[in-house]
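Subject: Structure handover

Hi,

Here is the structure I promised to pass on to you. Below it you will find my notes on what turned up, with the cut-offs spelled out.

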Amino acid sequence: MPLADHLRELRNRLAKAMLAVTIASVAAAFYSQELMHLLASPVTACEKGVLETGGKCATIVYTDLLSPFTTTVKVVMMAGIIASCPVWFYQLWAFVAPGLHRNEKKYTYYFAAAAVPLFAAGAYLAFVVMPVSMKVLLSITPDTAANFLEVDKILDFAVRMVLIFGFSFELPLLLIMLNAAGVVTGRRMAGWWRGVVMGIFVFGAVATPSTDPLGMVALAGPIIVLYFMAVGFSILNDKRRARNNPDAELDDDEASDLDLTPGDIGEIESVPASRVLPEQAHGSRSERLNGYDDVT
């Protein structure tokens with residue numbers, strides 16, 4: 001299509017995606033109280049009317065006049081984006097798919113089908129670890145101080161945990177994509193295991209907002225398991241590729257083995273003479289017509 005038609009289609013796809021997000025956000029607004037309660041549930045809240053010092057509990061507060069409204073809008077919009085993800089994912093796919101080949105579409109289906117459950121598993125694990133992480137962070141509070149937590153801070157903490165855990169679970173899928181594209185082999189990935197395991201633990205310690213070892217292990221442990229699963233899958237894929245193409249493991253500047261044994265070419269096939277033009281029918285075959293000696 002011309003560029004203007006592509007831009008027009010992109011505009012229509014974006015409009016449909018934004019409409020789906022808006023409808024889902026409006027529907028989520030009716031459950032805003034439940035969503036706010038879910039957001040604050042990982043925090044050990046103090047009893048009403050009781051102000052306790054130390055790190056046993058925390059009091060959730062708003063520190064600005066507009067904070068209740070703005071925080072509710074953020075939570076509702078986030079819920080709308082998550083709830084409408086099948087619609088805007090489809091709009092994105094419908095815009096990109098016409099430019100892909102059949103094999104590319106097939107691999108895209110596979111990777112998309114694996115990416116969504118992996119991200120969901122990471123997000124679920126983040127919600128499991130979040131209460132423990134918050135308790136550890138609150139436990140550092142001195143006995144002479146009390147904890148007052150802003151809802152905006154809790155929202156930022158929850159979003160950061162979900163995104164870190166969700167996208168971290170996509171690392172093995174990225175390795176499988178590189179192996180399927182022929183960039184890296186499974187044997188080479190297996191040789192990296194010491195550095196990868198160390199790097200994953202360091203990433204888990206730095207990426208998690210909490211400082212407790214449980215959050216680091218909860219993030220690093222599943223990623224390491226998924227990494228070795230990706231290595232095993234890549235090794236099996238390399239073996240399958242080697243069976244289909246014996247020269248697949250050769251470097252670009254390495255010559256493949258050629259079978260130079262002479263073979264029988266079989267019976268010689270006779271080639272009929274090309275037909276001549278009517279104007280050449282009574283003349284010599286060497287006679288040329290407009291520079292040509294046959295029908296061509």
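Let me start with a pair of charged side chains: Arg 8 and Asp 5 form a salt bridge, with their closest N and O atoms 2.6 Å apart. A salt bridge here is a side-chain nitrogen of Lys or Arg within 4 Å of a carboxyl oxygen of Asp or Glu. Because they are three residues apart in helix 1 (residues 3–29), Arg 8 and Asp 5 are separated by about one helical turn. Arg 8 is partly exposed, with a relative accessible area of 40%, and Asp 5 is partly exposed too, at 28%. For those words, buried means under 20% relative accessible area, exposed over 50%, and partly exposed in between (1.4 Å probe, protein chains only).

The structure holds two salt bridges. Arg 13 also forms one, with Glu 9, and there the closest N and O atoms are 3.7 Å apart. Arg 13 and Glu 9 both sit in helix 1, four residues apart, about one turn of the helix.

Before going further, some ground rules: this is a predicted model, where local features need pLDDT of at least 70 and side-chain atom pairs count only at pLDDT 80 or more, while totals for chains, interfaces and linings use all residues. Residues are numbered from 1 along each chain as its sequence is written, and side-chain values use heavy atoms, with hydrogens and water left out.

Now the overall fold. The chain has ten helices and two strands, and from the N terminus on its elements run α-α-β-α-α-α-β-α-α-α-α-α. Helices (H or I, at least four residues) and strands (E, at least two) are DSSP runs, numbered from the N terminus. Of the 296 residues, 29% count as buried.

The pockets may interest you. On a 1 Å grid over the protein atoms alone, a pocket is an open set of points where a 1.4 Å probe fits, with protein on both sides within 12 Å along at least five of seven lines; lining residues have an atom within 4 Å of a point. A volume is the space filled by probe spheres set on the points, which are joined across faces, edges and corners.

The largest pocket has a volume of about 1,300 Å³. Its lining counts 31 residues, and Ile 82, Cys 85, Trp 88, Phe 89 and Phe 119 lie nearest its centre. Helix 5 gives the largest share of that lining, ten residues. By class, the lining has 29 nonpolar, one polar and one charged residues. Ala, Val, Leu, Ile, Met, Phe, Trp, Tyr, Cys and Pro count as nonpolar, Asp, Glu, Lys and Arg as charged, and the others, Gly among them, as polar.

The second largest pocket has a volume of about 310 Å³. Of its 15 lining residues, Met 36, His 37, Ala 40, Ile 60 and Tyr 62 lie nearest the centre. Helix 2 gives the most to this lining, with six residues. The lining divides into ten nonpolar, five polar and no charged residues.

Happy to talk any of this through.

Best wishes
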